[in-house]
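Student: Please take me through this structure one feature at a time. I would like the general idea before each case.

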Amino acid sequence: MANKRAMICGGGIGGLVTALSLLEYGWQVTVLEQSPVLGDTGAGIQISPNGCKVLRELRLLENVQQRAFAPEKIEMRIGQSGREVFSIPLKGTAVARWGAPYLHVHRSDLTDVLATALKQRATGSLQMTRKIVGYENRGSQIAALLDNGNEFVGDLLIGADGIHSVIREQMLGKQAARFTGNVAWRATVPIEVLGELTPPPTACVWVGQGKHAVTYRLRGGELANFVGVVERGDWQSESWTDQGTREEALADFDDWHPFVRNIIDKAETHYRWALFDRDPLPRWHDGRAVLVGDACHPMLPFLAQGATMAMEDGLALARSLTGDLTANSDVNDALNGYFNSRISRTSQVQAGARKNMKVFHKPAIAYAPVQLATRMKPDLMHQRMDWIYDYEVPEAPGKFKRTL
Ligand SMILES: Cc1cc2nc3c(=O)[nH]c(=O)nc-3n(C[C@H](O)[C@H](O)[C@H](O)COP(=O)(O)OP(=O)(O)OC[C@H]3O[C@@H](n4cnc5c(N)ncnc54)[C@H](O)[C@@H]3O)c2cc1C
């Protein structure tokens, strides 16, 4: 398998993990990223145990852990009153029950760990300001076509180019992503400026009619992270750098708990992001072009799984590609195998995330049954997450793996 060359369109979390995974299996990789700099700005991300297991396979879990925060508990509270619906252990449980930690990490820290490892393990493999506009299958090779007329040629092209993927569009036709009617506010604030009105050091979901918020900590607890999701149809822009104002964000949570309002009030920047998704796609590959992450299964963030699914995809793809791939039919079989191993899981997670919109956006009174159920059966919420967090990407039996 040595000397096969993969080009990866997109240097987000999905693209970087895919590149690192392919390296483990002897591929040469080139990540082509359109932006001049890497990294999602100003926001945290939750990496559940299934994602941490991928990081461990790539020998990067400790590096991420050093820059992350592991919450003691996961909680649900009523957004307006702060009343606890449930509070269940997470830190110890995650390792004991699902075999890996549950981490909160700043996106730029995660991207930095991944990109640094990639550059160390494959010098020159990360190329910035390379915008891909399409691809051309050419017999036993494929060309990635750049906007400046240049091209990169290799054995495989991976579209890790997010929800508006140009690779997906060429593969399956133009079809706009679906606006879900939800807008997300995002902000981070140093804990020291929050004073007494600091949200708890947990993964805390604040629920209410037509909206919810999530608060958690980053960087060993130095930073508080806020995500606030509101159902509204008047904002459909999607960019990590689009901003609203403090007043607009406060107005969306005007009668909510002081912990929630304080974090909005103290934030210097209020990023605003419209939430889109798609239905599951009929296929993820065309000749030697194949998709991972949001390019093939964008989802609402209500199960906090989009990036984690992209990470699982990257490792699963690398493990599907360990045979002799000289003939196009072998490539087709391998990419079919990858699709078949992922489509049911990612579709279920997409559907689960959509369902959670209804779970998180109910009036306070509707949470009484959840409160009662979790009191009577404290294990209930853990059980509900088993199918997601327990998962480990299967190893390709008897296949070559590079040992460094
Ligand atoms: C508010 C919010 C909260 C979230 N919270 C979580 C969470 O807690 N946990 C979780 O797992 N997920 C979460 N997600 C989902 C997660 O952010 C995404 O699923 C994940 O970032 C997708 O990664 P990706 O690499 O597939 O795509 P992207 O992150 O979109 O990366 C795509 C990359 O491709 C590049 N690119 C695009 N087009 C081209 C081109 N033509 N040529 C070259 N490069 C190109 C882009 O510049 C970008 O760098 C959240 C999402 C939102 C909106």
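Tutor: We will take the sheets, then a helix pair, then the surroundings of the ligand.

Tutor: This is a predicted model, in which local features need pLDDT of at least 70, side-chain atom pairs count only at pLDDT 80 or more, and totals for chains, interfaces and linings use all residues. Residues are numbered from 1 along each chain as its sequence is written.

Student: In what order do β8, β9 and β10 lie in their open sheet?

Tutor: Helices (H or I, at least four residues) and strands (E, at least two) are DSSP runs, numbered from the N terminus. Two strands pair if DSSP finds at least two bridges between them. Here the order of the 3 strands is β8-β9-β10, and the pairing is antiparallel. β8 (132–138) and β10 (151–154) are at the edges with a single partner strand each, so one side of each has no neighbour in the sheet.

Student: How many bridges join β8 to β9?

Tutor: β8 and β9 (residues 141–146) are joined by 6 bridges and run antiparallel. Arg138 stands opposite Gln141 in β9.

Student: Which strands are at the edges of the open sheet of 6 strands?

Tutor: That sheet has mixed pairing and the order β7-β2-β1-β11-β19-β18. Its edge strands, β7 (126–127) and β18 (285–286), each pair on one side only. Within it, β1 (residues 5–9) and β2 (residues 28–32) pair in the parallel sense over 5 bridges. Cys9 stands opposite Leu32 in β2.

Student: At what angle do α1 and α9 pack?

Tutor: Axes are lines fitted to C-alpha atoms, for helices over the stretch in contact, and angles run from 0 to 180 degrees between N-to-C directions. For α1 and α9 the angle is about 25°, and the axes are 8 Å apart. The two helices are therefore roughly parallel to each other (angles under 35 degrees count as such).

Student: Which residues come nearest the ligand?

Tutor: A residue is near a molecule if its C-beta atom, placed from the backbone, lies within 6 Å of it. Of the 34 residues around the ligand, Gly10, Gly12, Gly162, Gly293 and Gly306 come nearest. The helix α9 gives the most to this shell, with 4 residues. Elements that supply at least two residues each include α1 (13–24) and β3 (44–47).

Student: Why does the ligand lie between domain 1 and domain 2?

Tutor: Domain bounds come from an automatic or database domain assignment. Domain 1 (1–36 + 128–177 + 280–357) and domain 2 (40–107 + 178–277 + 363–393) both give residues to the shell, so the ligand lies between them.

Terms used
Parallel < 35°, antiparallel > 145°, perpendicular 65-115°, else oblique.
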